[in-house]
Amino acid sequence: MRKILVIEDEDSIRGFVVINLKRAGYTVVEASSGEEAFEVWAQNPDVLLMLVDVMLPGIDGYEICRQVRARGSEVGIIMLTARSQEMDKVMGLMNGADDYITKPFSPAELTARIDALMRRLSGGTVQTDELTSAPFVLNTKSRQLFRNGERVDLTQVEYMIVKTFLENPGRAMSREEILKTVWGPDYFGDLKIVDVNIRRLRLKIEEDAASPKHVVTVWGYGYKWNP
Ligand code: CA
């Protein structure tokens, strides 16, 4: 469970952020003021990261950041700033924030910055039972795959293939390597079994299995997961 607290008073921006973080596989709680944020945080002590708008009614984003750090919390903090705000001031007042994002921002920029901070927070190792590659979340405890929060039914072999890919995003993997990883080193079946299962997997997880976006073919070699 990777939980993010979004603190933003403008409903449209908060809604946009929340929808996109959920799509990226995060669990999201929200608040529209600093005061509310501390209540929500108290109810959700497992929050790993806070997205904090600078300009808020009541206590502002800088003050939230200062108070969070004053409590000794090491939760990740990303500030949301407006382009009109002077960067010198923003940097000077970060008060222990880990990063900032300037409005307006795209969903891709938002999730990239959050994913990066999440990786830093976990010291480069995955400490959760989840492997994430938007819009997919693979729970390795329940062995279930979710796409935009909706469960995708997989066979155990398909599950193992997805797990292998998500542990090696962006890396071309030979069919032999996939066969050995998924079927075990003692399996001496035909390599075509890999292709058969990849084809079926694509039908389940790709929007268009004929032109796959996630499980792509590396010609003459094998397959690669495109994050
Ligand atoms: Ca605001």
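Q: Which residues are the protein donors of the calcium ion, and how far from it do they lie?

A: The model is predicted: local features need pLDDT of at least 70, side-chain atom pairs count only at pLDDT 80 or more, and totals for chains, interfaces and linings use all residues. Residues are numbered from 1 along each chain as its sequence is written, and side-chain values use heavy atoms, with hydrogens and water left out.

The calcium ion has as protein donors Asp9 (OD), Asp53 (OD) and Met55 (O), at 2.1 to 2.3 Å. Donors here are N, O and S atoms within 2.8 Å of the metal (3.2 Å for Na, K and Ca), and sites may look incomplete because water is not among the atoms. The spacing of the donor residues in sequence is D-x43-D-x1-M. Asp53 is buried because its relative accessibility is 3%, whereas Met55, at 56%, is exposed (buried means under 20% relative accessible area, exposed over 50%, partly exposed in between, with a 1.4 Å probe and protein chains only).

Most residues other than glycine have a negative phi, and most peptide bonds are trans. The bond from Lys103 to Pro104 is cis, with omega near -5 degrees, and Pro104 sits in the loop between strand 5 (99-103) and helix 5 (107-121). Helices (H or I, at least four residues) and strands (E, at least two) are DSSP runs, numbered from the N terminus. The bond from Ala134 to Pro135 is likewise cis, with omega near 0 degrees. Arg143 has a positive phi, near 55 degrees, and counts as partly exposed at 38% relative accessibility.
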